[in-house]
Amino acid sequence: MKLAALFLVAAFTLATPLAAHAQLKKEYQPLQEFGDELDHVATAPDFVGLAVAVVKNGRIAMVKTYGVREAGGTEKVTPDTVFRIASLSKGFAGTLAVLEQSEGKLNLQTRVSTIIPEFKLKRPEDAARVTLEDVLSHRVGLPPYAYDNLLEAGSTPSAILTEYGKVKQTCAPGECFTYQNVAFNMIATAIEKATGHTYAAEVQSRIFTPLGMKTASIGLTQLKSTGNWARPHKRVGAQNWVPTPVTDWYYRVPAAGGINASITDLSKWLVAQMGLRTDVLPAAVLDEAHRKRIATPPETARQRTLRTPVTETSYGLGWRNYTYAGHQVITHSGSVEGYIAQIAWVPGNNSGIVMLSNTRGARSTRIVPAWLDYELGLPKTDWFKMDELTTAENAPANASGE
């Protein structure tokens with residue numbers, strides 16, 4: 001796989017003049033070094049299967065896949081192997097909602113209660129204030145991950161929306177950031193009512209199909225029907241992983257966590273989010289989806305504990321914004337039982353990365369900051385600590401992975 005990745009870079013440099021060729025070689029040297037480190041990291045006991053892609057200067061410059069789809073099996077992870085992407089799904093929802101608004105089908109200032117009457121808050125006057133924009137930017141005012149436990153216990157999202165009327169609010173709507181899954185999915189209902197199509201059908205026709213995301217889908221049945229999909233795993237002991245059943249909890253809130261995709265698909269999504277497929281996602285739509293809506297102090301504090309050079313964080317519509325060593329980074333991560341996914345890009349550098357894993361080993365969450373060291377020319381941090389004999393604990397168990 002290493003040779004294939006390097007070939008993608010070399011293919012568009014051979015015909016360049018000597019001076020330009022030397023400049024390109026200098027620019028891509030950090031990417032080659034990152035790829036070499038990734039090859040080493042992939043040997044750690046944190047992984048069963050792993051897929052990583054990097055976009056540089058508008059091109060998919062590197063794709064690497066490692067390991068197998070299921071522990072103990074022989075079927076290798078390929079660029080078209082499908083993983084669950086968990087809360088990376090939120091970026092699709094935010095972008096689609098803005099796209100629908102740009103065409104006059106949806107208004108993000110619409111009060112949620114006018115289209116989803118089952119939604120309640122402890123203070124009825126607050127429930128009446130919540131807009132679709134609040135939903136997409138996690139400004140509803142509920143405690144973080146409100147009643148995800150009920151979703152995982154089998155309650156329907158609709159019933160949970162009504163149960164919110166019994167929950168003590170963290171703040172008034174619009175005044176604080178508190179990450180949600182069930183509440184976030186209200187945007188799916190709004191899109192369905194605005195377009196007359198199911199949420200899955202609308203994502204397919206407006207995003208998957210025009211971007212050529214041939215293996216992307218929504219739903220558990222669709223995941224399994226691909227034939228080439230990575231099974232989820234849980235850790236047993238310090239270094240062993242065993243397959244675990246696929247849970248359907250977050251498929252019931254598809255806007256929050258219901259999408260499946262391969263690294264090939266997500267590379268195309270990354271290219272589009274970086275503004276390079278304006279035929280599908282106009283620049284104005286992307287700007288509105290990415291625009292900062294609210295500061296996220298809990299995320300800033302979390303990044304501080306991780307010792308990343310993040311000084312400020314905020315949230316747009318399904319997207320996080322970081323100030324990372326003085327650079328803007330747009331990003332999101334996702335984690336659901338047996339899977340981790342991350343996406344990030346540096347608009348000022350025209351570069352980005354996506355990662356998919358079918359385990360929740362801690363080293364997978366360090367791939368993005370390691371890449372940023374190379375991409376931004378930062379002092380190298382020993383993110384992976386490969387000299388340690390044991391691996392770190394599993395990543396958090398919530399759907400967001402944050």
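Reader: Where in the chain is the place of Lys385?

Author: Lys385 lies in the segment after helix 15. Bear in mind throughout that this is a predicted model.

Reader: Why is Lys385 called partly exposed?

Author: The relative accessibility of Lys385 is 36%. Buried means under 20% and exposed means over 50%, with partly exposed in between. The value for Lys385 falls between these cut-offs, so Lys385 counts as partly exposed.

Reader: What is to be said about the phi of Lys385?

Author: Lys385 is a residue other than glycine, yet its phi is positive, near 45 degrees. Most residues other than glycine have a negative phi.

Reader: Which other residue has a positive phi although it is not a glycine?

Author: Arg307 is one, with a phi of about 65 degrees. Arg307 sits in the loop between helix 14 (297-306) and strand 9 (310-315).

Reader: How do you know whether Arg307 is buried or exposed?

Author: Its relative accessibility is 73%. Exposed begins over 50%, so Arg307 counts as exposed.

Reader: What makes Gly326 exposed?

Author: The same cut-off of over 50% applies. Gly326 has 68% relative accessibility and therefore counts as exposed. The loop that holds Gly326 runs between strand 10 (320-324) and strand 11 (327-336). The C-alpha atom of Gly326 is separated by 9.5 Å from that of Glu312, and the two residues are 14 residues apart along the chain.

Reader: Why is Thr244 called buried?

Author: Thr244 has a relative accessible area of 13%. Buried means under 20%, so Thr244 is buried. Thr244 belongs to the loop between strand 6 (240-243) and helix 11 (254-257). Leaving out residues up to four places away in sequence, Thr244 touches Pro232, His233, Lys234 and Glu337.

Reader: How many residues of helix 15 are buried?

Author: In helix 15 (residues 367-376), 10 of its 10 residues are buried, and the helix is mostly covered. Trp371, Asp373 and Glu375 are among them. After helix 15 comes Gly377, with a positive phi near 65 degrees.

Reader: Which residues of helix 8 are buried, and what covers them?

Author: In helix 8 (residues 186-195), the buried residues include Met186, Ile187, Ala190 and Ile191. Their cover includes helix 3, helix 5 (132-136), helix 7 (157-163), helix 9 and helix 11. Just after helix 8, Gly196 has a positive phi of about 80 degrees.

Reader: Helix 3 comes up there. Why are helix 3 and helix 9 called roughly perpendicular?

Author: Helix 3 and helix 9 (residues 199-208) pack at an angle of about 80 degrees, and their axes are 11 Å apart. Angles of 65 to 115 degrees count as roughly perpendicular. The angle lies in that range, so helix 3 and helix 9 are roughly perpendicular to each other.

Reader: Which residues meet where helix 3 packs on helix 9?

Author: Phe92, Ala93, Leu96, Leu99 and Glu100 in helix 3 meet Tyr199, Glu202, Val203, Arg206, Ile207 and Phe208 in helix 9. By class, the residues of this contact are eight nonpolar, no polar and three charged.

Reader: What makes helix 3 oblique to helix 12?

Author: Helix 3 (residues 89-102) and helix 12 (residues 263-276) pack at about 45 degrees, with their axes 13 Å apart. The crossing of the two helices is left-handed. Gly91, Phe92 and Thr95 in helix 3 meet Leu266, Trp269 and Gln273 in helix 12. The contact has three nonpolar, three polar and no charged residues.

Reader: How do you know that Cys171 and Cys176 form a disulfide?

Author: Their S to S distance is 2.0 Å. A disulfide needs two cysteine sulfur atoms within 2.5 Å, so this pair counts as one. The structure holds one disulfide. The link of Cys171 and Cys176 is left-handed, with -85 degrees about the S-S bond. Both cysteines are buried.

Note on methods:
Residues are numbered from 1 along each chain as its sequence is written. This is a predicted model: local features need pLDDT of at least 70, side-chain atom pairs count only at pLDDT 80 or more; totals for chains, interfaces and linings use all residues. Side-chain values use heavy atoms; hydrogens and water are left out. Axes are lines fitted to C-alpha atoms, for helices over the stretch in contact, and angles run from 0 to 180 degrees between N-to-C directions. Helices (H or I, at least four residues) and strands (E, at least two) are DSSP runs, numbered from the N terminus. A crossing is left-handed if the near helix is turned anticlockwise from the far one by less than a right angle, and right-handed if clockwise. Contact means heavy atoms within 4.5 Å. Ala, Val, Leu, Ile, Met, Phe, Trp, Tyr, Cys and Pro count as nonpolar, Asp, Glu, Lys and Arg as charged, and the others, Gly among them, as polar. Buried means under 20% relative accessible area, exposed over 50%, partly exposed in between (1.4 Å probe, protein chains only). Angles under 35 degrees count as roughly parallel, over 145 as roughly antiparallel, 65 to 115 as roughly perpendicular and the rest as oblique.
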